[in-house]
Amino acid sequence: MPQLRSPDQLDAFRQELSSSGDADTPCISVCAGTGCLAYGADQVIRAFEAEIGKQGLAATVNTKGTGCPGYCEKGPVVVIYPEEICYLGVKPEDVPEIVTRTIVEKKVVARLVYSDPDSGEQAIRESDIPFYKHQERFLLSSNTRIDSKSIDDYLAIGGYTALSKALFRMTAVEVVEEVKKSNLRGRGGGGFPAGRKWEGSRDAPEEVKYVLVNADEGDPGAFMDRALLEGNPHSILEGLIIGGYAIGAHEGYVYVRQEYPLAVENIALAIRHAEEYGLLGENILGSGFDFKVMVHQGAGAFVCGESTALMTALEGRAGEPRPKYVRSNVKGLWNRPSVLNNVETWANVPLIINKGADWFTGYGTEGSKGTKIFSLVGKIANTGLVEVPMGITLRDIVYKIGGGIPGGKKFKAVQTGGPSGGCIPERLLDLEVGFDELTEAGSMMGSGGMIVMDEDTCMVDVARYFLHFLSDESCGKCVPCREGLRQMDRILKNITEGKGQDGDIETLEDLSELAMDASLCALGKSAPNPLLSTLRYFRDEYEAHIKEKRCPSLLCKDLVKYYIDPEKCSACLICLRKCPEGGVVGAKNMIHVIDHEKCTSCGVCFDVCPDRFDAVVKYSGEPVPPPIPEEQRMIDRKKKKDHEQSPSAN
Amino acid sequence: MDAERIDQIIEPYQGAPDLLIQVLLAIQSECNWLPEAALRKTSEKLQVPMSRILHIATFYKAFSLVPKGRHKVHICTGTACHVRGAPRILHTVQELTGIGAGETDLELKFSVETVNCIGCCALGPVIDVDGKVHGNVSTGDTADILEQYK
């Protein structure tokens with residue numbers, strides 16, 4: 001275990017690491033991120049290890065469980081270096097073939113590589129797959145190249161060079177200036193320029209200062225920060241140490257959700273390794289700069305992602321925000337200057353220091369520079385994490401990278417910014433992605449959740465979902481948020497249940513205005529965004545719910561009735577058996593009908609009815625046809641069979 | 001609850017009230033809930049009043065003041081799962097187990113919770129039972145999944 005005491009020792013050690021690993025040595029990297037693990041990636045890793053041992057290749061082949069490469073849709077993802085062959089949806093039983101064909105014979109297993117769903121064209125290398133081709137992956141690309149639990153891997157790909165550069169070739173002021181020049185804006189949601197935040201802390205008179213990592217990623221449907229923490233924890237740590245040096249802090253905290261156990265484990269391990277190597281602790285690399293980092297686990301409260309609430313939680317109290325008459329970079333944790341940045345913001349810092357602010361500003365729009373990671377999820381063909389340059393259009397993200405909407409459905413909206421964001425309709429799809437552009441459209445950048453919705457998604461239900469979430473997560477300290485959001489949630493719930501009244505929309509607008517003006521923190525101030533943006537673009541859906549008691553997307557349970565089409569029903573008994581209420585009446589050879597006295601509109605019958613029959617139909621806002629009379633329900637199988645066979649006989 | 005084990009957990013945090021949340025998380029993960037005796041001990045050792053401990057124990061979602069069931073059923077209600085039908089999955093689980101989100105049945109078999117995104121959005125809608133993720137769940141599958149747990 002080397003204690004590195006100077007930048008030269010660091011460079012020499014890095015040399016040693018890269019010369020010991022032969023560039024031609026095959027390396028199998030299997031994604032061990034949460035998504036792929038859920039697909040069974042751990043079994044794939046074990047299968048590789050077993051097979052490589054069996055074939056006697058253990059000395060010449062390296063197997064790694066790495067961080068998330070982003071293509072969650074096709075997990076488990078396996079990339080084989082140095083050829084960079086990318087196999088998708090790998091199962092343990094595919095492993096012997098991969099080892100024999102690819103590792104030993106250097107050939108490609110064609111059935112496991114990407115093939116375009118339309119043209120059938122295959123792409124062997126990761127960078128040729130359309131999902132990756134349109135991305136700029138500065139932050140995520142390291143994830144597949146390193147074992148996230150190994151500091152040596154991180155050092156071998158140039159890790160901690162930025163730290164050494166900052167400590168020895170730059171003054172603290174120069175570091176802050178460089179970050180200011182790069183116009184790096186906070187990736188956690190607010191988009192506040194990081195450099196200005198740092199400068200405020202550096203100039204504050206107090207002796208003791210802190211730098212903090214906000215890894216309390218609470219937005220439902222977003223997992224960018226987790227992928228970075230799990231996949232490349234050292235990049236965040238390196239950024240944090242540089243930040244500490246820049247503002248003159250000697251202590252840092254990582255506030256991470258306890259719901260992310262692997263992230264907690266990996267960042268804690270990274271801290272321990274960095275301490276052992278002398279990259280953390282006293283006199284880092286002989287520079288005279290001391291810095292230590294602690295991990296603090298959050299206990300599950302969305303509001304703790306808010307800066308002042310997070311600091312209160314770090315102090316061991318209930319995470320409630322406070323008014324920001326004085327900014328937290330001047331009076332924050334324990335009333336001392338504290339710079340709090342998001343995981344992704346910190347991960348950008350080493351890149352900016354290494355490559356320079358001018359490189360960073362070469363990407364993006366006027367107001368938003370660099371790249372941004374989004375978690376592209378919902379009704380989209382390619383679910384996953386995407387890192388794109390700012391300024392790319394939403395259309396490119398949804399169609400070129402995301403591969404459009406699955407199942408031939410029609411795109412309706414994309415929701416960005418998490419619960420504080422809004423829904424952007426199809427006609428604005430050519431909008432360039434940037435902090436200011438999204439805010440103008442009534443949404444926001446937020447931390448980077450991007451949820452795609454299709455024609456089956458009810459926008460009133462989406463608004464209700466977010467308001468319910470926020471009213472549940474409101475800490476209760478200020479009245480407009482605690483009471484206002486609850487009332488808004490109640491009104492929206494009524495609307496989705498068919499109990500909406502005239503004037504509801506106006507009341508919602510009034511309450512929104514109040515919550516936005518009078519709430520204490522950003523949670524309440526931005527809570528009406530999902531409601532206001534859906535009202536702005538999809539007002540007709542609200543009106544259909546209120547006036548016609550109809551859900552145009554056929555989703556809201558209380559406004560939808562199910563009906564079995566007797567023409568299509570083949571009396572297969574599937575829905576009858578699966579109905580949890582016993583609400584389907586029928587028998588073998590007897591057309592099924594729904595007993596509406598028992599039906600709770602749970603939709604199980606709709607889901608289980610085989611596609612070849614497609615007999616269950618949804619009705620909303622119009623009466624369901626009466627069930628066919630009992631005497632007509634018997635199916636004459638023979639007759640039906642003849643009838644079915646006749647077209648194919650032609 | 002093993003009183004000695006609780007002492008072991010609290011020991012390193014003695015006199016450090018700012019680490020209260022970390023202590024409670026450790027107790028929660030050991031016992032699956034926060035027994036009163038453990039909280040009293042924490043109050044004494046960390047020099048924090050009980051009122052503050054209860055404030056924190058009820059404020060944060062990770063804590064429970066009642067015992068939890070043998071199997072923890074987490075239904076993801078993150079946005080991605082929501083648009084893919086999570087509310088209907090939740091409804092079916094409620095029908096099948098007879099308990100709603102945040103509740104535990106009388107035999108202490110299941111505790112049902114909703115969670116905000118467990119990061120497997122490609123598999124949505126997702127149910128996580130005791131850490132095992134069941135993906136692409138349909139309302140029809142739910143009963144089969146729950147039946148695997150005794």
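Q: What makes E13(A) and strand E14 of chain A a pair in this predicted model?
A: Two strands pair if DSSP finds at least two bridges between them. E13(A) and E14 (residues 422-425) of chain A have four bridges, in the antiparallel sense, so the pair meets the cut-off of at least two bridges. One of the partners is A:Cys423 in E14(A), bridged to A:Gln415.

Q: Which residue in the hairpin of E13(A) and E14(A) takes a positive phi?
A: A:Gly417 does, with a phi near 85 degrees; the hairpin has five residues between the strands.

Q: How do you know that E13(A) also pairs with strand E15 of chain A?
A: Five bridges join E13(A) to E15 (residues 449-454), and the two run antiparallel. Pairing requires at least two bridges, so these strands count as a pair. In E15(A), A:Ile451 is the bridge partner of A:Gln415.

Q: Why is the pairing in the sheet of E12, E11, E15, E13 and E14 of chain A called mixed?
A: The open sheet of five strands has the order E12-E11-E15-E13-E14, with mixed pairing. E11 (residues 371-378) and E15(A) run parallel, joined by four bridges, whereas E13(A) and E15(A) run antiparallel.

Q: What makes strand E13 of chain A mostly covered?
A: A residue counts as buried if 20 or more other C-beta atoms lie within 10 Å of its own. In E13 (residues 411-416), five of the six residues are buried.

Q: What is the class of the residues in the contact of H8(A) with H11(A)?
A: Helices H8 (residues 172-182) and H11 (residues 233-247) of chain A pack at an angle of about 120 degrees, with axes 7 Å apart. A:Ala172, A:Val175 and A:Val176 of H8(A) make the contact with A:Ile242, A:Tyr245 and A:Ala246 of H11(A). By class, the contact has six nonpolar, no polar and no charged residues.

Q: Which residues touch the most other members of the largest nonpolar core?
A: A:Ile242, A:Ile397 and B:Leu24 do, in a core of 220 residues. Helix H18 (residues 459-473) of chain A gives the most to this core, with nine residues.

Key: Residues are numbered from 1 along each chain as its sequence is written. Chains are lettered from A and ligands numbered from 1 in the order in which they are written. This is a predicted model: local features need pLDDT of at least 70, side-chain atom pairs count only at pLDDT 80 or more; totals for chains, interfaces and linings use all residues. A nonpolar core is a set of buried Ala, Val, Leu, Ile, Met, Phe, Trp, Tyr and Cys residues joined through C-beta atoms within 7 Å. A residue is buried if 20 or more other C-beta atoms lie within 10 Å of its own, exposed if 12 or fewer, and partly exposed in between; C-beta atoms are placed from the backbone. Axes are lines fitted to C-alpha atoms, for helices over the stretch in contact, and angles run from 0 to 180 degrees between N-to-C directions. Two residues are in contact if their C-beta atoms, placed from the backbone, lie within 7 Å. Ala, Val, Leu, Ile, Met, Phe, Trp, Tyr, Cys and Pro count as nonpolar, Asp, Glu, Lys and Arg as charged, and the others, Gly among them, as polar.
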